[in-house]
Amino acid sequence: MARIRASVHTSHVPAMGAAMDLCKAGEPHWQPVLQGDGYSRQWMREQRPDMARRNATTGARNLPAMRKNMPNQACVVLLPGLLCDAALWAQQVQALDPAHCVVPSYGELSSITGMAQHVLDTAPAEHLCVAGHSMGGRVALEMARLAPQRVCRLALLDTGMDPLAPGQAGEHERAKRMGLLQMAREHGMRAMGRQWAQGMVHASRWNTPLFENILDMIERQTPAIFAAQLEALLTRPDARELLAQLRCPTLLVCGRQDAWSPLSRHEEMHALVPGSRLAIVEDSGHMSPMEQPAAVSQALKEWMQP
């Protein structure tokens with residue numbers, strides 16, 4: 001007996017358009033709507049059904065049509081880092097209004113390339129202004145490698161360019177990250193975050209409401225998501241050569257006290273990117289969008305200027 005593998009998909013494109021029109025696309029409760037189309041496409045690529053039908057709500061436009069209808073209006077894609085979500089960028093979404101801001105979620109994707117392709121597939125515009133923080137910066141660079149014609153501006157915040165180091169240094173990083181994962185599995189995400197996040201912020205912000213907000217964000221993730229994102233970071237691609245090839249306006253941002261992705265690294269990246277700009281955020285550790293939101297928002301506003 002022959003078996004037929006099929007799928008049926010519905011469209012939420014009208015809701016996606018409404019989210020963008022109202023400048024609400026960066027809010028967390030819109031993210032499942034904005035990501036649904038991409039998950040459907042990913043499922044079809046992986047499962048290869050014998051037939052598929054996509055049902056659209058009456059009057060709906062599909063993503064390619066939406067992109068065609070707004071060729072000169074760039075969408076601002078704000079990419080969160082490890083264990084972060086839309087809360088990381090909340091102040092920037094407000095500051096960049098009325099720009100169409102989208103904060104993607106990576107789900108349990110476990111490679112930088114897979115994350116980048118997912119964002120490209122689900123982005124509601126053809127031309128993208130892409131800003132990435134930490135791991136999100138690496139995703140942003142991979143998007144620029146995969147689809148340079150779509151990335152019209154690039155901002156890299158508190159991030160890096162090198163792959164996992166060979167030898168003992170790389171093994172030390174792997175062991176440290178796996179130790180945090182084990183702690184998350186045994187004691188919960190918040191307990192792990194309370195130890196890990198102390199190295200992520202300026203020391204003056206330990207045990208403050210902001211620090212608790214960061215722990216809230218970490219606690220919204222799961223050990224499975226943590227494991228997937230750690231795998232992505234441990235297998236991260238080398239982006240050093242790509243930096244020299246970038247031709248879009250590029251901004252680098254770094255907290256002066258960032259101990260995880262230090263300023264010296266961003267100065268090196270700045271030197272590699274032709275025509276790039278480096279903005280140093282004073283009195284900030286690794287979580288600059290939350291620690292110094294006004295300074296980061298101002299840098300992004302200037303970056304958005306034609």
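Guide: Start with Arg205. At 14% relative accessibility, Arg205 is buried, because the cut-off for buried is under 20%. Keep in mind that this is a predicted model.

What does the Arg205 side chain meet? Its partner is Glu291, and the two side chains form a salt bridge with an N to O distance of 2.8 Å. Arg205 sits in the loop between α8 (189-196) and α9 (209-219), while Glu291 belongs to helix α13 (residues 288-291), so the bridge ties together parts that are 86 residues apart in sequence. Glu291 is buried too, with a relative accessible area of 6%.

Helix α13 deserves a second stop. Ser288 also lies in α13. Is Ser288 buried or exposed? Its relative accessible area is 0%, so Ser288 is buried. The Ser288 side chain makes a polar contact of 2.5 Å with the side chain of Asp158. Which residues touch Ser288, once neighbours within four places in sequence are set aside? They are His133, Leu157, Asp158, Val281, Pro293 and Val296.

How many salt bridges does a search of the whole structure find? The count is 14. One of them joins Arg236 to Glu173, with the closest N and O atoms 2.9 Å apart. This pair links distant parts of the chain: Arg236 is in the loop between α10 (223-234) and α11 (240-245), Glu173 is in helix α7 (residues 167-187), and 63 residues separate them. Arg236 is buried at 10% relative accessibility. Glu173 is buried as well, with a relative accessible area of 18%. Glu173 falls in the buried class because 18% is under the 20% cut-off.

Next comes a pair with a different setting. Glu302 and Arg277 bring their side chains together in a salt bridge, 2.9 Å from N to O. Here helix α14 (residues 293-304) supplies Glu302, strand β8 (residues 277-281) supplies Arg277, and the two are 25 residues apart. Are these residues buried or partly exposed? Glu302 counts as partly exposed at 39% relative accessibility. Arg277 counts as partly exposed at 36%. Some salt bridges share partners: Arg190, Arg194, Glu212, Asp216 and Glu219 are joined in this way into one network.

Arg277 brings us to β8, and β8 to its sheet. Six strands form an open sheet, in the order β4-β3-β5-β6-β7-β8, with parallel pairing. Its edge strands are β4 (101-102) and β8, each pairing on one side only. β8 pairs with β7 in the parallel sense, over five bridges. Across that pairing, Val253 stands opposite Ala279 in β8.

An α-helix has 3.6 residues a turn, so residues three or four places apart point the same way.

Between α12 and β8 runs a loop, and Gly275 is in it. Gly275 is exposed, with a relative accessible area of 79%. The C-alpha atoms of Gly275 and Pro249 are separated by 7.3 Å, although the two residues are 26 apart along the chain.

Finally, step back to the whole. The protein has 14 helices and eight strands. Of its 306 residues, 50% are buried. Among contacts with a separation of 6 or more, 77% come from residues 24 or more positions apart. The accessible surface comes to about 14,200 Å², and carbon and sulfur atoms account for 52% of it.

Notes: Residues numbered from 1 in each chain as written. Predicted model: local features only at pLDDT ≥ 70, side-chain atom pairs only at ≥ 80, totals over all residues. Heavy atoms only, no water. Salt bridge = Lys/Arg side-chain N within 4 Å of Asp/Glu carboxyl O. Helix = DSSP H or I, 4+ residues; strand = E, 2+ residues; numbered from the N terminus. Buried < 20%, exposed > 50% of the residue type's maximum accessible area, 1.4 Å probe, protein only. Contact = heavy atoms within 4.5 Å. Areas by Shrake-Rupley, 256 points an atom, 1.4 Å probe, with all protein chains shown as cover. Polar contact = N/O pair within 3.5 Å; in protein donor to acceptor, adjacent residues only side chain to side chain. Pairing = 2+ DSSP bridges.
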